[in-house]
Amino acid sequence: MIQKYVFGNPFDTEAVVKEIPEEPIGEGGIPHLTMADGNVFSYRMDDGDVIYGLGENVRGINKRGWLYISRCTDDSHHQEDKHSLYAAHNFFIVDGRERFGVFVDTPGRVSFDLGYTDRRMLTVTVEAGGFVLYILEDDSLREMVRQFRKLTGRSYIPPKWAFGYCQSRWSYETADEVREVVRRHRENHVPLDSVCLDIDYMERFKDFTVDEEKFPDFPEFVKEMGEQNIHLVPIIDAGVKVEEGYPVYEEGVKNGYFCRREDGSEFVCGVWPGRVHFPDMLNPDARRWFGDWYRVLLDQGIEGFWNDMNEPAMFYEEGHLEEVLDEVEKFKGTNIGIYEFFDWQKLVESVHNNPGDYEKFYHQTPAGRIRHDKVHNLFGYNMTRAAGEAFERLSPDRRILMYSRSSYIGMHRYGGIWTGDNYSWWSHLLMNLQMLPGLNMCGFLYTGADLGGFGSDTTEDLLLRWLELGIFTPLMRNHSALRSRRQEYYQFGSEDDFRNIIGLRYGLLPYIYSEFMKAALTDDMMFMPLAFVYPEDSEAAGVEDQLMAGESIMIAPVYKQNAAGRYVYLPEEMKLYRMRSVTDMDTEVLPAGHHYVKAALNEVLVFLRPDHIVPMSCGGESVADVEGSKLRLLHFVKNQAVYDLYDDDGYSRNTDLEKSLTGITVDRDGTVKVNGEFAADRVLTI
Ligand code: MIG
């Protein structure tokens with residue numbers, strides 16, 4: 001059950017796609033919550049209450065105990081003391097004495113004090129403007145999420161090749177450098193499906209241009225890569241370079257499609273190319289216009305993109321920069337002691353992403369002109385929507401890959417997200433796992449972190465361990481920052497281990513794709529906290545480093561350096577597959593309870609549930625290579641193991657769940673049936 005309450009005169013975020021009637025805020029107030037002031041509401045928690053959700057944020061699966069602030073922020077230091085990352089995902093569930101969900105639909109800043117100020121109190125404060133509050137109730141956590149997802153619309157579905165491995169780095173400067181990356185994978189038979197092009201491919205960081213010197217004859221290059229089953233995925237930035245003669249700039253100015261200051265002039269700030277304007281993503285005409293520009297690259301054979309810097313990020317705004325430069329001057333010739341030094345430091349740091357600068361520009365929305373800060377959390381969402389809607393027009397038959405850095409709930413209908421600039425830290429491997437269920441709850445199914453870590457220097461063992469989690473995430477991308485240590489697999493010694501681990505992704509592809517598609521088409525989650533599947537198990541709710549990955553398995557990656565294995569909690573008896581490659585694995589049935597399980601650096605732990613199946617392929621070097629017709633079945637039969645395998649052509653937008661399912665069963669005597677027919681010739685059971 002979902003109840004809707006409206007406060008004030010909210011801006012329509014278009015997060016919700018389903019009309020539901022508004023409830024009056026009667027004498028009794030809002031169910032579960034105590035109101036104060038009309039924009040602050042709270043809940044007194046029980047000791048055992050657990051809070052799930054809030055999507056992209058730091059800390060645990062259980063979000064209790066910290067203060068989260070929805071304000072899309074470009075901050076690359078994702079330490080655990082941060083309150084905001086790039087997204088605003090205002091949906092959470094309280095599970096314990098009572099069980100209910102809350103979605104705060106509003107485009108501005110919201111704070112979620114989840115037992116931070118007072119361990120027992122949950123307090124949500126909508127800091128500005130009207131908002132719509134949705135309260136969900138259901139006995140089942142999973143069903144509650146499903147209802148929320150029906151409310152907010154079906155999740156984005158990428159082409160199947162986007163489930164392959166992607167090698168990326170900020171600083172692949174030339175076509176030859178990209179060729180080299182591809183060659184090193186193909187030559188050594190390490191699977192690969194795509195290479196991202198970061199800002200280096202553009203001509204002076206101008207969106208929708210290609211640097212002709214560094215990437216000559218781009219359409220030919222795209223084709224050459226395509227012939228090797230490699231997709232190039234260029235980045236698009238939010239800011240449009242201010243430059244006479246650059247058509248995106250000129251058209252935008254001519255049509256009034258950029259965000260403006262109060263006096264009507266285009267708002268200027270500094271990002272990659274220096275001065276830029278922000279397209280007015282909240283103006284439907286501007287959105288359509290910006291979306292149409294993706295055609296320039298689609299026409300050259302590109303089938304996927306990533307949208308960056310769309311919080312939107314600002315290096316500086318000239319007015320504020322001037323002020324800071326003037327203030328800095330004053331320090332000249334003075335004796336700078338500790339407190340003066342702090343002041344100076346704060347001043348200089350205030351230059352980028354300065355909150356005040358977000359109050360200096362306006363959007364022309366269907367609801368009238370509105371100052372940016374009031375609708376801040378919708379910018380990245382609408383940039384990606386611009387692209388997603390354009391792809392439906394420009395590529396009506398084929399899915400196009402799209403993932404964004406910034407997002408708001410609703411954007412999940414147009415694209416996926418990657419989780420931004422993490423670091424090559426072991427703690428960020430764990431954070432990657434802990435973020436997944438919250439993201440799935442909010443509709444973000446196509447998602448993944450920069451494997452190996454974006455900032456700072458990775459190590460071979462960290463990369464291997466991280467890939468061992470990454471083989472399960474729909475977006476499986478190794479990405480790193482300019483000037484950090486290079487982290488393509490061939491920078492390290494264990495070539496065989498990398499080939500085998502990445503190869504496992506291709507082996508698991510039938511299962512990963514099937515689970516993703518079923519989750520997308522039935523508004524379900526792919527990664528769940530254990531308590532979503534074992535609600536009666538009181539220990540499951542306390543498990544912070546394991547996840548259910550689809551309907552058949554539990555995953556428990558090793559995330560500590562030099563650990564020879566890890567402790568794992570099994571809510572029921574399970575069959576452990578210790579995988580070294582698609583063809584090399586051993587198994588062991590473990591009873592429910594706590595276990596210490598060994599996992600060498602080149603081993604992946606997969607825990608199969610009783611009467612479940614994981615359909616695997618024999619692998620391949622690209623998604624196109626993977627043969628769907630020859631299956632290898634991991635199975636753990638107590639009575640009868642069953643699985644509905646989803647598959648399709650991998651690119652059509654029209655998907656039909658029922659028609660795309662193949663029913664597989666394995667009986668106790670080992671008999672395998674596919675859609676009711678004996679199928680020993682098609683499948684191999686393991
Ligand atoms: O501030 O385009 O998150 O993935 O490599 C850096 C360069 C801007 C941030 C993205 C990152 C990308 C980088 N970008």
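In this predicted model, Val40 stands opposite Thr125 of strand E10. The two strands involved are E3 (residues 40-44) and E10 (residues 121-126). They pair in the antiparallel sense over five bridges. Both belong to an open sheet of five strands, ordered E2-E3-E10-E9-E5, with antiparallel pairing. E2 and E5 (66-70) stand at the edges. Each has a single partner strand, so one side of each is left without a neighbour in the sheet. On average, neighbouring strands of this sheet are turned by 15 degrees against each other, direction ignored.

A further open sheet of five strands has the order E1-E11-E8-E7-E4. Its pairing is antiparallel. The edge strands are E1 and E4 (50-53), and each pairs on one side only. From one strand to the next, the twist averages 20 degrees. E1 and E11 (residues 131-137) are joined in the antiparallel sense by six bridges. Within this pair, Ile2 stands opposite Leu136 of E11. Helix H1 (residues 141-152) packs on the sheet. H1 touches E1, E4, E7 (91-95), E8 (99-105) and E11. The direction of H1 makes about 145 degrees with that of E11.

Val17 lies in the loop between strand E1 (2-7) and strand E2 (34-36). At 47% relative accessibility, Val17 counts as partly exposed. Beyond its neighbours within four places in sequence, Val17 contacts Lys150, Leu151, Thr152, Gly153 and Arg413.

E37 (residues 640-646) and E38 (residues 661-667) pair in the antiparallel sense over seven bridges. Asp644 has Gly663 of E38 as its bridge partner. E38 is joined in turn to E39 (residues 672-674) by three bridges, and these strands run antiparallel. Thr665 stands opposite Lys673 of E39. The hairpin of E38 and E39 has four residues between the strands. In this hairpin, Gly670 takes a positive phi near 90 degrees.

Helix packing was examined around H11. Helix H10 (residues 426-441) and H11 pack at an angle of about 5 degrees, with their axes 10 Å apart. H10 is therefore roughly parallel to H11. On the H10 side, the contact involves Trp426, His428, Leu429, Asn432 and Leu433. These residues meet Asp461, Leu462, Arg465, Trp466 and Leu469 of H11. By class, the contact of H10 with H11 has six nonpolar, two polar and two charged residues.

H11 (residues 460-470) also packs with H12 (residues 495-521). Their axes come within 9 Å and cross at roughly 15 degrees. H11 and H12 are therefore roughly parallel to each other. Their crossing is left-handed. H11 contributes Glu460, Leu463, Leu464, Leu467, Glu468 and Gly470 to the contact. H12 contributes Asp497, Phe498, Ile501, Ile502 and Arg505. The residues of this contact divide into six nonpolar, one polar and four charged.

H11 itself is mostly covered, with ten of its eleven residues buried. Among the buried residues are Leu462 and Trp466, which take part in the contact with H10. Leu463 and Leu467 are buried as well, and these residues belong to the contact with H12. The buried set also includes charged positions, namely Asp461, Arg465 and Glu468.

Most residues other than glycine have a negative phi, and most peptide bonds are trans. The peptide bond from Glu311 to Pro312 is cis, with omega near -10 degrees. Pro312 is placed in the loop between strand E18 (304-308) and helix H7 (318-329).

Arg204 has a positive phi of about 40 degrees, although Arg204 is not a glycine. Arg204 lies in the loop between strand E13 (194-197) and helix H3 (218-227). With 49% relative accessibility, Arg204 counts as partly exposed. Asn229 is found in the loop between H3 and strand E14 (231-237). Phi of Asn229 is near 60 degrees, again a positive value in a residue other than glycine. Asn229 is partly exposed, with a relative accessible area of 28%.

Terms used: Residues numbered from 1 in each chain as written. Predicted model: local features only at pLDDT ≥ 70, side-chain atom pairs only at ≥ 80, totals over all residues. Heavy atoms only, no water. Axes fitted to C-alpha atoms, helices over the stretch in contact; angles between N-to-C directions. Parallel < 35°, antiparallel > 145°, perpendicular 65-115°, else oblique. Left-handed = near helix turned anticlockwise from the far one by under 90°. Contact = heavy atoms within 4.5 Å. Buried < 20%, exposed > 50% of the residue type's maximum accessible area, 1.4 Å probe, protein only. Pairing = 2+ DSSP bridges.
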